[in-house]
Structure formats: structure tokens, C-alpha cells
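The sequence and the structure are shown first, and the points are then grouped by topic.

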Amino acid sequence: MNEKTPLIRLAKREDMSKKKIWMIRLLALAAAILIGMIIFAIAGANPINAYGTMIASSLGKKSGIRQVVKNAVPLLGVGLALAPCFRMRYWNIGAEGQITMGAMAASYFALYWYAKLPSAVLLLVMALAGMLFGAFWAAVPAIFKARWGTNETLFTLMMNYIAIGIVAWLQGGPWEGKPGSQIIPMFDSKAVLPKIFGVHCGWILVLLLVVFMFIYMNYTKHGYEIAVLGESENTARYAGMNVAKVTLRTAALSGAICGLVGFMTASGVNQTLYSDVAGGVGFTAITVCWLSQLNPFAMIVISLLLAILSRGSSGLQTALGIPASISDIITGIILLCMLGCEFFINYRIIWRHKESSGKEASV
Amino acid sequence: MTHAVELKNITKRFGSTVANDKVDLYVDSGVIMSLLGENGSGKTTLMNMLAGIYFPDEGQIFVGGKEVSIRSPRDAYENGIGMIHQHFKLIDVFTAAENVALGINEGKYDLKKVAAGVKEISDKYGFGIDPDKKIYEMSVSEKQTVEIIKVLYRGANILILDEPTAVLTPQETEKLFGILKAMKADGKAIILITHKLNEVMAVSDVVAVLRKGQHIKTVRTEETNPQALTEMMVGRAVSLNIDRMEPKDPKPRLTVAGLTCRDSEGVTKLENVGFIAYSGEILGIAGIAGSGQKELLEAIAGLRPISSGSIIYTPEGKIPEELVGKTPMEIKEAGVALAFVPEDRLGMGLVGGMGMTENMMLRTWNKGRGIFVNRKEPEKVAEQVYEFLEVVTPSIDYPVRKLSGGNVQKVLVGREIASSPSVLMSAYAVRGLDINTSYIIYNLMEGQKSKGVAVIFVGEDLDVLLQLADRILVLCDGKVSGIVDARTTTKEEVGLLMTQVGGGKDAN
């Protein structure tokens, strides 16, 4: 080869073993942690100490673990909700709004029906109302998409702001507690989800949802329809699938689960309703969904990881005075490394040969 | 003597597969060379290395006797090498001149100068291209000519054409060959990738044959013949015959009358189409690309709304039924199968990311009660197709996207045949397949015919339609311009009907 050979060349690879793929992913995670150390050093803390504090505050104490689980539950739930949409290549980024609407519908019953119903029935009604409203909120853009081919990405996004706006109005208007307080009153204890092992029982619900979603996506007719439609609308039509129906049904299912998460958050965590009830979960869950490559079981791990990071960094703030937003930076770095490592799984890098018969170095 | 371009000892590997193995090849100026080889023999890979898309792992490339390093398409252009790809890389809303100007990076953007240059090249070779015409107003053949001008404008002396005739009518093909000969006379070196042996014989001076990534031989065209070339390609003697039998006991199976279809924008795609497809017969459908072939099959399969007309289906020993108004699923259940191979080979009828089993499931996913899909049945069908059609795949769960083109098409056609249809519609079933694999597919069609199936076969290659079909229906602009007997008609007659020049029997 002459010296004009390009310094770096890329070649597609398809022959990597599963073991090696996971090795690369682990290495990427390790790299992210190492880069995180540099960030800590810049922020003026001892990196080892910082990681230690993060782990101690999130996993070291019972209260920490509870907090982690509490944070992971909505992430996992919404991640599961988004999975079928993303498998269908339907970009539902309106989970925020669907959570908010679900929370709103549940809150209506919590605020105005608590005296008329026994606790178990009330909670059930709240859950169903939340699912129904979440589904409705997700169905609106899906109907437009199915009938007029509108862009669901923008549509679902815009629906978020409408939902948040509606709740903000309720908060300051019809549902306001003390006049002028801009706060909706706390729920009656009958409308609060019971605790199991110190965390509201939603965590059992989302674990059941994991199993449900795994089976739904991999073994059912619906799941098959979603997968085919995601790959090719033409093929789906060819196979006799009703594209509009599948789109609508999947979006509604997604919205229903988001609505359920909204109910759990309002009832189990906040015990009231406010406009920031979703609190960015709808967006963070997109990360959960993609990092787990739409695998429901992997989502458990990823949502816990993100929850540990977020809990750990608030511990960091109290213990070491490092801003909590550092967790966002670390999360971003992990995400970048995880997504970036897929490149090395799919491509081989060939460096220019050192000598004419030099061995190919590949990364 | 220095060659226009010479490859020496070129090797290219993808992972553990060797796409090109120590290839030595050269072309001289003023020569048209055909590059022949089965699918996966490494033709395109080899040419992509000349065009700067891949970089060879080993070996050298010489242009005009000087060693060069082609690292990008721009390097290729600078060395005077231009490739015309099968799928045009043109922007529809731009004019010919604007498309040529794209990507040229010399001084300031001067469209007038480019237009003048386009005009000059067009006049020189007799292309007859108007530089200010928009691409979307052009015919397929004109678009191809713009691609050629694009390459010539950048000063290419070595032109590579990847299956240029696949999209052309016989008349347009003749015209293209005229252009190639004019360029040859002008001293250009031309490399033609093709599967059609009659074209190889008609236009090229030398033929280079690749097999399994290795250069087998380069021969002078006048010293060889199609049979010898095929044997070189395949590596053993093969028969290139279709045993066309007389239709046995033909009965009307599908009676289409007055079929009219419009697309969502109200444009008429099919107009008053009428014909009868008989059992035990292959009805070929010919036409320029986009004359309504796809729409016709989709309308019959229930995938396209029908404005007016009727499609009467008469299954063996059953009472006739109307298909218009039925869902695609009902039509499929009734025994009308469609195997459509779109341009990208996947995308319609197959799911690239899924394995054979899950692709077989596309036919049966909705069967059975309950909410779960049945995997057993499609798995059995996949095994059958795998064994019977000798599909080359590591496993029946291996994503079909990663299979070679021929195998993808075997999966598709095999699935439809496995459902024992009584009407089998197939479109472009051999799209991009090499000769050997194509004949396997033709013989599958013939086999279906002998079982009494009414086969409707949309094809691109007229020579094949003439050999394979019993009757040929010619579509032109969504209308039937004629139905001819394939045994007595000529290529010219069908070619004329395709453009309706000279008028078909019921032309308007």
C-alpha cells in the first residue's frame, strides 16, 4: 500500500459475538465513569470521594433506597409506555402531557369523590380515569396522524404544553384550595396509594407491567403488528393490517400507561396535583427506552441507574456542596458513551498500516 | 501500452467474507467492457472501489499508467472516473443544469456556464437534453442521460454504468447503446455492469467475468457466446431454457373488466383495464416502468381503492365471486397471492429486520383465536422454503435484510407459493438477480402453471417475457395497449405497444 492510504478507514462489521458486544458496552460505561471523575475534579471534589458519597446516599441507607425506587417507578413505567410506540417508529414525545392528564383525571376523583367511595374503589376509579385520560391525550395526535398524516413528533410535543396549561389553570382557578394560594388541597388519605416496604405500591404495578409489556411486544398479534408496521408501512398494509387502527391503538395504550403513572405520582408521591406533576419524566423515559433498546427487563436496570444517579447527586449537594445538576452532566456523558459505543459495535476502524504487511489494528 | 484504468491484485474483505480476491483487470480507452457475474460475485464492490466508495484492503489502481489512491468519490472524479448508479441521484425539482452543477466546487457558482457545458455535451453526443428542463418532467431514459452528462461534465474518461438498461424500454436501450458507442468512438473507456447476456453480446468489445470475487477470465465478445459466458459465471454447465408447456385445460380464473383506479391525488393510474387470466397459463405483463403494473396488481390484491370496474374470481370448482370491495385479507384467504419485489427488494411483502419464520408469519399472523401469534405453523413453512428453494442463510431466524438479493426473493416468492394459491401474481420477481437464480424463479413459475395456477407475471426483461409467458398484456400509461400471443409476437411489436407508437390493437 502506498503512503496515500487514508489514516483511518471504517468498515461495517456484522460478525461480533454477543459477549464482545456486552464487553464494549461495559467498557463504555467505565469510560463514562472515568470522564465523570474529571468533571468532579473540575468541580473541586475528590472524584473517588464523590462517587462514594453518591453510592452511600443512594444505596447506603434505607431512606436512600426508597427514594431511588420512588424515582425509578415513573421512569420505568413511562419507558414501558413508550416502547411499543418507538418499536412502531411512532415518536411519542408527549408522555409529559399524558402523565399530566392522567394525574388530573385521577385527582378529580380524589378531590370530589373521596367521601362517596371506599378507598379501594376510589383508587381503582382514579387509576381507570387516569388511564382513560392519558389514552385520550395520546389518541388525539394519533387520529390526526392516521387520518391526515400529520407529524406526531411536533403534535405530541405541543400537547404537553396544553396539558400543563390546563392543570396550571385548575391550580389557580376552579380547584384552588385556599383562595390566592395557587395550590390544590392535599388528597384525603383514602385517595393515597398504600405503601409496601415503605414505597407506594406502584412499584409492584410497574414490575407487573414489565412482564406484560415483554409478552405483549414479543408474543402477541398486537406486538407483531407493531413490529411490522415499524419496519414498513407498505408491508403492514400488504399483510392486511389496518395501519390506522394499529397506530391509534398503540398510541392509546402508551397514553394509558403514562396516565397510570400520572395517577401513581399524584396519589402515591405528591398526594396532590400541580402542573409540574410529570417533572420531566416523560423526556427522561425516552432515554430509558433507548438505552435499554426497547427491552422491558433492561429498562428496570436503566431506570434504577438513572434514579441512583439523581438521588446520589442530591446527596452530593448536601454532603460535599457540589451542585446537583452535576448528575445531569454525568447522565449525559453516560448516554453519549452508551450510544457512541454502538458505533464501535457496528463499525471497525482500520488504521493506516504501519508497514506494508502490518497487522490491522481494530478497536 | 498504458491502459485507461488498471486494477492490480485488488482484495477487499468484509469481515470474514472476501468480496474481491486478488483481482487483476484493465480497460483500454475506446473500449466497452461488460462486467459479468452472479449476485455476490463482487462486481459492484469492485466498481465501488474505482468510484471511491470503498477503499481496497490490498492492491493497486493505475489510471493512465500512474498509480492512484482513490479515497473518495471526489478523488474518483479527479482521476476521470465516473459511475452511473442504478438508482438515480438527482433532485427532482432542479433542472438538468442545476443537477450537474451540484457538488462542483470550482470558483463561483455559475449556472449559465454549466448550462452551456451541458448543452455542448448534449449536442456532441446527440443526447437531446434541454439543460433547463426539470428532472420531474423527464422520462426515465432522460434522467439517465442527465446522470451520464453529470459524469461527462466533470471530465470523466472512464465511465462505469451499473445495470443501466434495467429501467429502459427496448427502444430506449437501443438509444443508450448508440450513446455508448458514440462515447467509445470519442475514446472513453466504458465499463458496463449487466445481467443481460444479449446486451453483452450486442454492445461490448470485451467481457470480464467474475465469480466468487475472483476474476475468472476476460474474453473478446466476438470469440464467445452466451452459453460459454454463463458457464464461466456459474462455474458449471447450466441450462438456460424454460420448458414452456402449452396451457393445460385453461379456464377463466380472473376476469377483470373496466377497472379504473385513481390515486389519493385523483390522478388516474389505471383506466378501463380489462383482461382474463386463465388457469394453467402465465400471463405476462409488460410496460415501461410506472405504466400501472404495480397499481394493477395492488388493485386485484385489494390494496388500492378502485373507482369502478369488476374483478371476478372463479376458483376451481367453485362459484365465481367479486373481489372488489373485499379486504386484502379476504382476497388472500380466497387464494389470490401477490409476490411483489419493490425496488429496494424489501419494504413491501418482507420485513428486513425479521427472520424467515417471522416473515412467513405475515401470511398467517391473524389466524387462530386468542391474542397470541402462532409460531409453529410459519416455522414449518420457513423450513420448507429453506429446504425446497435452497435458501442460503445461517438460520431461519437470521434477519432477511442480511441475505443476498436472490435469497431474499426466494423467501418472498417461496412464501406465496407455499400458500398454494390459485392465482399467483408476481412483480419483478427476478429484479437484480443473476441469470442462474432467475431461471430457478422462472421454473418455479412454470411449475405453478403446470399445477393449474393462473400466474400473472410482471417482468422487466422482454426477452424473458417472450420465453416464459403464454400471452403478454402490454400496459401503457394505465391502459391496456394490447394483449399478444407470446409465441408469435416479436420484441419490437411489444416495444411499440409499450409506447403506443404505431398504435396497439385497441389504442385510442
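Predicted model: local features only at pLDDT ≥ 70, side-chain atom pairs only at ≥ 80, totals over all residues.

In what follows, helices (H or I, at least four residues) and strands (E, at least two) are DSSP runs, numbered from the N terminus. By that numbering, Ser420(B) is placed in the loop between helix 13 and strand 17 (423–427) of chain B.

**Chain A overall**
- Chain A contains 13 helices and four strands.
- The C-alpha trace of chain A spans about 85 × 60 × 35 Å along its principal axes.
- Chain A has 363 residues, of which 43% count as buried.
- Among contacts in chain A with a separation of 6 or more, 77% are made by residues 24 or more positions apart.

**Helices 3 and 12 of chain A**
- Two packed helices are described by the angle between their axes and the distance between the axes.
- Helix 3 (residues 62–87) of chain A and helix 12 (residues 296–320) of chain A have axes that come within 8 Å and cross at roughly 135 degrees.
- Helix 3 and helix 12 of chain A are therefore oblique to each other, and their crossing is right-handed.
- Residues that helix 3 of chain A brings to this contact include Gly64(A), Val68(A), Leu75(A) and Ala83(A), while those from helix 12 of chain A include Met299(A), Ile300(A), Leu304(A) and Arg311(A).
- The residues of this contact divide into 13 nonpolar, six polar and one charged.

**Contact between the chains**
- On the two sides of the contact, 27 residues of chain B touch 23 residues of chain A.
- Helix 10 (328–334) and helix 11 (356–364) of chain B are the elements that give two or more residues to the side of chain B that touches chain A.
- Helix 10 of chain B supplies the largest share of that side, three residues.
- By residue class, the side of chain B that touches chain A comprises 14 nonpolar, nine polar and four charged residues.

**Helices 12 and 13 of chain B**
- Helix 12 (residues 376–388) of chain B packs with helix 13 (residues 405–418) of chain B at an angle of about 120 degrees, and their axes are 10 Å apart.
- Helix 12 and helix 13 of chain B are therefore oblique to each other, and they pass in a right-handed crossing.
- Val381(B), Gln384(B) and Val385(B) of helix 12 meet Val411(B), Gly414(B), Arg415(B) and Ala418(B) of helix 13.
- Four nonpolar, two polar and one charged residue make up this contact.

- Most residues other than glycine have a negative phi, and most peptide bonds are trans.
- Ser420(B), a residue other than glycine, has a positive phi near 35 degrees.
- Ser420(B) counts as exposed because it has 12 C-beta neighbours inside 10 Å.
- Tyr428(B), which is not a glycine, has a positive phi of about 55 degrees and lies in the loop between strand 17 and helix 14 of chain B.
- Tyr428(B) counts as buried because it has 23 C-beta neighbours inside 10 Å.

**Helix 14 of chain B**
- Helix 14 (residues 435–450) of chain B has 16 residues and reaches 22 Å from its first C-alpha to its last, close to the 22 Å expected at 1.5 Å a residue.
- Among the buried residues of helix 14 of chain B are Ile435(B), Tyr439(B), Tyr442(B), Met445(B) and Lys449(B).

How values were computed:
Residues numbered from 1 in each chain as written. Chains lettered and ligands numbered in written order. Contact = placed C-beta atoms within 7 Å. Nonpolar A, V, L, I, M, F, W, Y, C, P; charged D, E, K, R; others polar. Axes fitted to C-alpha atoms, helices over the stretch in contact; angles between N-to-C directions. Parallel < 35°, antiparallel > 145°, perpendicular 65-115°, else oblique. Left-handed = near helix turned anticlockwise from the far one by under 90°. Expected span 1.5 Å × (residues − 1). Buried ≥ 20, exposed ≤ 12 C-beta atoms within 10 Å, placed from the backbone.
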